[in-house]
Structure formats: C-alpha cells, structure tokens
Amino acid sequence: ASYAYQYISTSPFSKTKEAMLGYFFSQDLSLQMMLEDIEYFYGMKMLHVHGITASLSSALAMRTYLEDGKIETLFTSESRFRRGKYQFERLGLNNAQAYYGSLKLLKTYCEYKVYDLVFVTPPSSYLGQVRRRPDILVTIAESDIKAMVKREKEYLEEASKYVSSGGELVYSVQSILLDEGKRLIEDFLKKHSEYSLEKERQIYPYEFNSDGLYYAIMRKE
C-alpha cells in the first residue's frame, strides 16, 4: 500500500519519535500481504473479532477511509482496548470503533448477518513468530495446542454469524501449524455449506523475513 513503509534498524520501532507521537504504527509484512488480497468497495461495513493490537483494524480503516468504510473491533483485554481506542483517536480514524468484552458479549454490540467483511484473529500458538521468539518452541506443549485449536474454532464459529449474504469471512492466525490453519478451515467448510473458500495462503517466517501467517478468505453464498 502507498502509505506503508519498511522499517529496518537495530533499534525498536516503538522507540522512534514518529511511533511515540502516533504518526505511524507497526505491522508485519505478512499482514500487509494478506490485506492486499481483500476486495474493498464503497461503504464497506467491517468487523474485527479479537484485536490483539489495533494495527490490523487501523490498516483496514485507512484503506477504506475515503470510501466511507467503517470498522468495529472487539478487544477482549482492557489494556488492549485502551491502547486500540487511543490509537484510533491519535490517527484520526473516526471510522473505527473499539469495544471491550468477551467473545460472547460481542452480540450485545453488533448485529448478526450485517457485515460485508468479518476478520477473526483468535488467540493462537503464535508459532509463526518463532523467528523472533524462539522461546515459544520450548514453552508450548501438545495439550496447549489442542486447547488453542478448540478456542480458535469457537472464535471462527461465532464470527461467521456476523457475515452478511455475499460477504467475506477472513480467518487469520500467526501460526505455521496445519491444525490451526488448513485443517481447521477444512473442518469449518464441511460444516458450513453456505461458505466457500476463495483463497488461502500459508506464509512461512523464512519466506519474506517476516512472521509466519496462515489466512483463509471465505465467501458466504
């Protein structure tokens, strides 16, 4: 995207003057690549289920700002909600709305079957970040993965209820595991004939010197 720049330095991006003043926010290259595969149109109504940071929602808000697009984001952590809300404000993104609460609480803020684009980025193993966080490999157990996959399925199932007819559902995890990516989506599509897979991609950490990422774009018929 024309507003994205690559940052190369030995110093943390968060310590730069521009980042501290709120002029820029960081986003991994793999997420930028995923956003390039989305179709955007005028008046787009978007929902992001489980914001880890506000970077994905901010990028979507910026891409659709001049086209009257709007995005709502659920943060399940109060600290993340506060940071996300502040980021939207300092970037002047008045087309982005932040909510705080659990996954089950989302339906008190948002209506089912009305969103053109629904992103779901559930908590995961984050094994896609192994290049910069090698400690993940020694701190995660098989039982942890099984619990995470179960939770990811719950997030995807709930997020799918908010997609309008003809809308898109995007599932994304920073992982390189088949159980969290391809196999999980295959399972979901077997149970939901109203959805069809438009595109999926697995990005590995070594490919672009970025985080590993799996994403699937599905269309609701």
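Visitor: Is Glu168 buried or exposed?

Guide: Glu168 is buried, at a relative accessible area of 4%, where buried means under 20%, exposed over 50% and partly exposed in between, with a 1.4 Å probe and protein chains only. This is a predicted model, in which local features need pLDDT of at least 70 and side-chain atom pairs count only at pLDDT 80 or more, while totals for chains, interfaces and linings use all residues. Residues are numbered from 1 along each chain as its sequence is written, and side-chain values use heavy atoms, with hydrogens and water left out.

Visitor: Which residue forms a salt bridge with Glu168?

Guide: That partner is Arg219, with the closest N and O atoms 3.1 Å apart; a salt bridge here is a side-chain nitrogen of Lys or Arg within 4 Å of a carboxyl oxygen of Asp or Glu. Arg219 lies in strand S7 and Glu168 in strand S5 (residues 163-173), so the pair ties together parts that are 51 residues apart in sequence. Helices (H or I, at least four residues) and strands (E, at least two) are DSSP runs, numbered from the N terminus.

Visitor: And what does Glu39 do with Arg219?

Guide: The side chains of Glu39 and Arg219 also form a salt bridge, at 3.9 Å from N to O. Glu39 sits in the loop between helix H2 (29-35) and strand S1 (45-49), so this contact with strand S7 ties together parts that are 180 residues apart in sequence. Glu39 itself is exposed, with a relative accessible area of 52%.

Visitor: How many salt bridges are there by this rule?

Guide: The count comes to 14, and one of them joins Asp179 to Arg183, with closest N and O atoms 3.0 Å apart. Asp179 is partly exposed at 36% relative accessibility, and Arg183 is partly exposed at 46%. Through shared partners, salt bridges also join Glu39, Glu168, Glu198 and Arg219 into one network.

Visitor: New topic: which residues have a positive phi without being glycine?

Guide: Among them are Asp68, with phi near 60 degrees, and Asn209, with phi of about 55 degrees.

Visitor: Where is Glu194, then?

Guide: Glu194 is in the loop between helix H7 (182-191) and strand S6 (195-203), and Glu194 is partly exposed, with a relative accessible area of 30%.
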